[in-house]
Amino acid sequence: VTPSQSPGAETPVKRLTAREIAEFVAGELSGDGDAVVHGVAALDRAGPGELSFLANRHYAALYRDTRAGVVLIPPALRELPTDPGPAAVVVVDDPHAALLRLLPQVYREAPHAAGIHETARIGRGVRLGEQVSIGAYAVIGDNAVIGDRARIGDHVSVGAESVLGNDVILHSGCTLYARAQLGSRVIIHSGARIGCDGFGYVFEDGQHRKLMHVGRCVLEDDVEVGANSTIDRGSVDDTVIGAGTKIDNLVQIGHNVRIGKLCLLMSQVGVAGSVRVGDGVILAGQVGVAGHLTIGDGARIAAQAGVVGDVPAGETWSGYPARPHREALRASAATFRLVEIIRSLERLVAEKK
Amino acid sequence: VTPSQSPGAETPVKRLTAREIAEFVAGELSGDGDAVVHGVAALDRAGPGELSFLANRHYAALYRDTRAGVVLIPPALRELPTDPGPAAVVVVDDPHAALLRLLPQVYREAPHAAGIHETARIGRGVRLGEQVSIGAYAVIGDNAVIGDRARIGDHVSVGAESVLGNDVILHSGCTLYARAQLGSRVIIHSGARIGCDGFGYVFEDGQHRKLMHVGRCVLEDDVEVGANSTIDRGSVDDTVIGAGTKIDNLVQIGHNVRIGKLCLLMSQVGVAGSVRVGDGVILAGQVGVAGHLTIGDGARIAAQAGVVGDVPAGETWSGYPARPHREALRASAATFRLVEIIRSLERLVAEKK
Amino acid sequence: VTPSQSPGAETPVKRLTAREIAEFVAGELSGDGDAVVHGVAALDRAGPGELSFLANRHYAALYRDTRAGVVLIPPALRELPTDPGPAAVVVVDDPHAALLRLLPQVYREAPHAAGIHETARIGRGVRLGEQVSIGAYAVIGDNAVIGDRARIGDHVSVGAESVLGNDVILHSGCTLYARAQLGSRVIIHSGARIGCDGFGYVFEDGQHRKLMHVGRCVLEDDVEVGANSTIDRGSVDDTVIGAGTKIDNLVQIGHNVRIGKLCLLMSQVGVAGSVRVGDGVILAGQVGVAGHLTIGDGARIAAQAGVVGDVPAGETWSGYPARPHREALRASAATFRLVEIIRSLERLVAEKK
């Protein structure tokens, strides 16, 4: 057995002609319909065997000089100069969306070979589903339950009594603390830590005494957790991440937090303990949410905002302390207008006194 | 030998009756004193064999529908409706505090089995204390000194010449760079990196040349470091974290920083190089402290604050740039009142000109 | 073979006399020229066998009580009291700079012993350069190419088809996802994740559907990446970090980002997808940059700033939303002056109505 790899690497698997591309995206072909591509790349990096795309006029200079074999362009830009130009051009309304649809035609994830690496250590009482793969030096704790087709990368540590659904992917070097609960199709990226001790102490006898954490850490179906993110388990309550919610890299979720379904948490977000987040909420990059607050369904919090009060459903908030986005923008604008008149205002006030 | 696990998993170990619970917390029992619980859970997740608690009226609806076997409630809420209601209720002044005291009666940490896993690699000249446990695939560098009863998890890397006190816990996959110094009862969570190279360069001959870092990284007794946090070692000076200080997940401590005793650093805090933090300081989530500053004993910095000047002892500061909290609040309030009158003010100033 | 260690530990290797030190830094010696030091430490931690330095009057009290054997001091402070004082003093214009130049005289990095640890797993078709060292439990994926003198630490995972230049250092427990491209002399610290899936989804049929990421993650020559940082690979474009750029701990770089040469990204910076950063840019701690923006050559962004628009070359910006630093300072000052007069202003406006 050779070293297993972290799952998920895409590899080019199919060659497409410009004609096949035009058909697939229902676009209009001009140039050599027999031109062949076997990969995809940005305009300034693509070679003659690669497909690229031009999204807007901003990148006209890159299009002029591109060496790409086939380029997807929008109707409005079809007359842009390019020399010598690609072998073929496919005109399509939304080239970026078309390209994303084409990717699975050209690439395929590295095939999944079931099997337990000879160096993986499997604890007592572990139940493994069918067609499971476990990588080199992975460690599975006692009594863990692993669903069908799980792909567990190198150096992964699965805590005792954890329960994983079907089709779970654990990338290289992530950790599940004991008793983590993962639904089906959950993806955990490299270095993420699931079910950590929460940050809870009582000050007693001149020390911060550590509180026991007996709650669980529950990730429902289709949750994805980015690299090096950390999710604490509950103290008494559970920490729960709702089905279909996606979490980016370096995010922190505190103990007893409950996050709804289909949320998006961008990179470096921090959610303090016991927060309730509704369904379909978006927390943009570096947002912080203070403890015990509630964020309603469908709310959106702008990047870097600091949330210190409840946010009603459906609203967009920003700034520190976070307020409804329109108010925050008006306050920011007023402040910059103030700069121009503050001296006159001080004089006015002095005259009145 | 089976795979060792990350230390610290709590397991239910004892059944308690409602009567025993009431006695232990000196509360008033009503209902079935023989009702038995064997675990603890939140009101909306607890089953008939579990103990729960009601902290305040906010959760009255959860109490009404709870399936918990026994519930701790405060005197003011003893008449709240619940149907069919728990088998027994224990009335106590502070149900949450009572529950935390009860946890060690119901749960116990997974027992600690001393022993070196057969796959652990121990370097030359390593000195191991008594009753040490070392997990699967852990690597201990040359000449390291490990105190009594240390519990070292799977995939841990302990750098050469590190010195660890007694009763140290290193969770799965953490790293000590060479020559780290850990006191007794230090806990390092999964993925934390202790004693990293500091971020120090001099620009010379058109390059950022890396500076040597020959200082140490010293964690005194009873320090805890959260998952995926990073603490740099000193360049010339040492980096020192004082006794009893607790550090949450994803925190960054720069080179040459000295943090006092019994501080609390919440998640995602960043402390730049050469900062001095006194004793008993609280840095809330996502706080940043610029380099070479001093924060006095007992100061508290509110979440997301950006500290760009020294903070006197005992004060609470907030905002960016951080100021005394009252000032920051008044400035924030004034700004939002400004929004309502900025046009009138501009007209006033224009009239005066 | 003993357990390999993470590379990079400095060890004292040479004894120097006060006379040798004075000669090396072209300073003026007073006291015992034969006094010997074999290490370097801060004033309050140095012992008789150690060299220290006094940078400014702020640390006069530490100098008075120091036990250091030899101290570098600036001319202006040569008369400061100290008792009993060091065995020798060397007066030099910039003691800190002098000390940094002396470090490589006293210390040397732990010697590099080439060799593949017996527990390292090397995939099929891997090409290893000369004098490579690979640590315990490291895993090298199929078809990876490793340059000469690479030093790969314990528990490292190198993804399939990755390409590494010469003299690369990978510290303990870092991960390269498949097809990462690293130039020569690249250093990756412990727990960093290179080439992660980007955070890209389309909402379709009531789900966030994951987009394929077929771009690469390219780190040019002399790039250094801090502990637990994360860099996503491109979706269609590549993610590129330019030559000589240094990235601190816990930094996040999104997909398709291109960062220029010789930049410095301090700790906890977050750069969202498709951002373009020029050469020689400095992003200070906890800065966030929103997606698709451009930051010009030589720009500097102050700590915690939130960049939501393009930044011209050479400018210094700060605050949220980030603005030119002078404007941001004036706005902040005006706000605090507003506090004193807001009531009077409201009265003025009311009178006018």
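Contact, in this talk, means heavy atoms within 4.5 Å. By that rule, 75 residues of chain C are in contact with 73 residues of chain A.

Some ground rules before I go on. This is a predicted model, in which local features need pLDDT of at least 70 and side-chain atom pairs count only at pLDDT 80 or more, while totals for chains, interfaces and linings use all residues. Residues are numbered from 1 along each chain as its sequence is written, chains are lettered from A and ligands numbered from 1 in the order in which they are written, and side-chain values use heavy atoms, with hydrogens and water left out.

Let me stay with chains C and A. The size of an interface is often given as the accessible area lost when the parts come together. Buried area here is the accessible area, taken with a 1.4 Å probe, that two parts lose on being put together, summed over both. Between chain C and chain A it is about 5,400 Å², and carbon and sulfur atoms give 59% of that. Which three residues supply more than any other three of the area that chain C buries against chain A? They are C:Phe199, C:Met212 and C:Val236, with 14%.

Next, the charged pairs. A salt bridge is a side-chain nitrogen of Lys or Arg within 4 Å of a carboxyl oxygen of Asp or Glu. The rule finds five across the interface of chain C and chain A. A:Glu118 forms a salt bridge with C:Arg121, and the closest N and O atoms are 2.2 Å apart.

The largest share, twelve residues, comes from H4(C). By class, this side has 33 nonpolar, 24 polar and 18 charged residues. Nonpolar means Ala, Val, Leu, Ile, Met, Phe, Trp, Tyr, Cys and Pro, charged means Asp, Glu, Lys and Arg, and the others, Gly among them, count as polar.

Now the other neighbour, chain B. Here 73 residues of chain C are in contact with 75 residues of chain B. The area buried between chain C and chain B is about 5,500 Å², with 59% from carbon and sulfur atoms. The rule finds five salt bridges across this interface. One of the salt bridges is between C:Glu118 and B:Arg121, with the closest N and O atoms 2.2 Å apart. H4(C) gives the largest share of the side of chain C that touches chain B, 13 residues.

How are the copies related? They are superposed by least squares on the C-alpha atoms of residues with pLDDT of at least 70 in both. Chain C can be laid on chain A with an RMSD of 0.0 Å by a turn of 120° and a shift of 0.0 Å along the axis. The two copies are therefore related as by a three-fold rotation axis. They use different surfaces, since 19% of the contact residues of chain C recur in chain A.

On to the sheet. Two strands pair if DSSP finds at least two bridges between them. An open sheet of twelve strands in chain C has the order S9-S12-S15-S18-S21-S26-S29-S32-S35-S38-S40-S41, with mixed pairing. Its edge strands are S9 (115–116) and S41 (323–324) of chain C, each of which pairs on one side only. Inside the order, S35 (residues 282–283) and S38 (residues 300–301) of chain C pair in the parallel sense over two bridges, and C:Leu283 stands opposite C:Ile301.

Last, some backbone details. The peptide bond from C:Tyr320 to C:Pro321 is cis, with omega near -15°, and C:Pro321 lies in the loop between strand S40 (316–318) and S41 of chain C. Another cis peptide bond joins B:Asp83 and B:Pro84, with omega about 0°. A:Ala26, a residue other than glycine, has a positive phi near 55°.

Notes: Helix = DSSP H or I, 4+ residues; strand = E, 2+ residues; numbered from the N terminus.
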